[in-house]
Amino acid sequence: MEVRLDVGETLLLDLLNTTPVVGGVPHDELGDADAGRRWLLAHGQPSSEDEWHALLDVRLVLQDIVRRDASPGGLVPFVEGVTRRASLTGAGVEWTLHLPEGRSAAARAVLAWDALRRSSPGRLRPCANEECRLFLIDHSKPNQARWCSMAVCGNRMKARRHYQRTRETRPS
């Protein structure tokens with residue numbers, strides 16, 4: 001399969017965030033083949049069963065890497081066979097990315113992770129709410145974002161800290 005070099009944060013972050021906790025219960029948005037194919041199509045990716053299986057596998061490895069529970073070595077199978085070729089056009093050099101059939105979306109996610117790791121080290125991270133399983137990419141200038149959503153996790157964590165502080169300072 002041949003596509004233009006275009007690895008984006010959206011594919012990566014959306015993939016990492018396909019295992020949210022909904023109403024206190026873990027949920028898998030790619031849990032069955034139909035859901036996985038729909039997700040792949042919605043993200044402009046090939047939607048074969050092989051693509052879905054590779055996506056499930058790479059998601060687990062990438063989540064573990066971002067949580068610092070694994071090393072990047074586990075990503076090797078997803079980038080085997082990936083090549084880039086240059087060609088000259090009237091505008092200059094154009095790069096074409098060649099992705100392995102059956103795991104092209106997984107390869108794209110790995111390439112997006114690597115591009116983000118290089119361009120913005122430390123900005124991809126898990127939400128600081130331990131009950132949340134989502135991830136965020138911090139685009140703030142001071143690089144101090146902690147929660148996937150200030151309105152949900154940020155507010156919840158601040159309210160919890162406030163409750164604990166007021167409880168500790170109350171006379172017995």
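At what angle do H1 and H5 pack, and how far apart are their axes? Keep that in mind while you get oriented.

**Before you start**

This is a predicted model, in which local features need pLDDT of at least 70 and side-chain atom pairs count only at pLDDT 80 or more, while totals for chains, interfaces and linings use all residues. Residues are numbered from 1 along each chain as its sequence is written, and side-chain values use heavy atoms, with hydrogens and water left out.

**Stop 1: the whole chain**

Show the chain as a cartoon. There are 6 helices and 7 strands. Both are DSSP runs numbered from the N terminus: helices are H or I with at least four residues, strands are E with at least two. Along the sequence the order is β-α-β-β-α-α-α-β-β-α-β-β-α.

Switch to a surface. The chain exposes about 10,400 Å², and carbon and sulfur atoms supply 50% of that area. Accessible areas come from the Shrake-Rupley method with a 1.4 Å probe; for residues, only the protein chains shown count as cover. Of the 172 residues, 35% are buried. Buried means under 20% relative accessible area, exposed means over 50%, and partly exposed is in between (1.4 Å probe, protein chains only).

**Stop 2: confidence**

Color by pLDDT, the predictor's confidence in each residue, from 0 to 100. The chain average is 87, and 83% of the residues score at least 70. Now select residues 1-7. Their pLDDT is below 50, yet this stretch has 24 contacts in the model beyond near neighbours in sequence. Contact means heavy atoms within 4.5 Å. Where pLDDT is low, the predicted coordinates should not be read in detail.

**Stop 3: the largest nonpolar core**

Select Val58, Leu62 and Leu75. They have the most contacts inside the largest nonpolar core, which has 29 residues. Such a core is a set of buried Ala, Val, Leu, Ile, Met, Phe, Trp, Tyr and Cys residues joined through side-chain atoms within 4.5 Å. Helix H1 (9-16), helix H2 (33-42), H3, helix H5 (104-119) and S7 each give two or more residues to this core. H3 gives the most, with 9 residues.

Zoom in on leucine 75. Neighbours within four places in sequence aside, leucine 75 contacts Val58, Val61, Leu62, Ile65, Val110 and Trp113.

**Stop 4**

Two packed helices are described by the angle between their axes and the distance between the axes. Axes are lines fitted to C-alpha atoms, for helices over the stretch in contact, and angles run from 0 to 180 degrees between N-to-C directions.

Select H1 and H5. They pack at about 105 degrees, with their axes 8 Å apart. H1 and H5 are therefore roughly perpendicular. Angles of 65 to 115 degrees count as roughly perpendicular, under 35 as roughly parallel, over 145 as roughly antiparallel and the rest as oblique. Show the side chains: Glu9, Leu11, Leu12 and Leu15 of H1 meet Ala105, Arg108, Ala109, Ala112, Trp113 and Leu116 of H5.

H1 makes the contact with Leu12, Leu15 and Leu16, and H3 with residues including Leu55, Val58 and Leu62.

**Stop 5: aspartates in helices**

Select aspartate 64 in helix H3. Its relative accessible area is 25%, so aspartate 64 is partly exposed. Neighbours within four places in sequence aside, aspartate 64 contacts Asp69 and Ala70.

Move to aspartate 34 in helix H2. Aspartate 34 is partly exposed because its relative accessibility is 48%. Pick its C-alpha and that of glutamate 49: they are 9.1 Å apart in space and 15 residues apart in sequence.

**Stop 6: two loops**

Go to arginine 68, in the loop between helix H3 (49-66) and helix H4 (76-79). Arginine 68 has a positive phi of about 70 degrees although it is not a glycine. At 72% relative accessible area, arginine 68 is exposed.

Then find asparagine 143, in the loop between strand S7 (135-137) and helix H6 (150-169). Its phi is also positive, near 55 degrees. Asparagine 143 is partly exposed, at 28%.

End at glutamine 144, in the loop between S7 and H6. Glutamine 144 is exposed, at 60% relative accessibility. Leaving aside neighbours within four places in sequence, glutamine 144 contacts Arg125 and Asp138.
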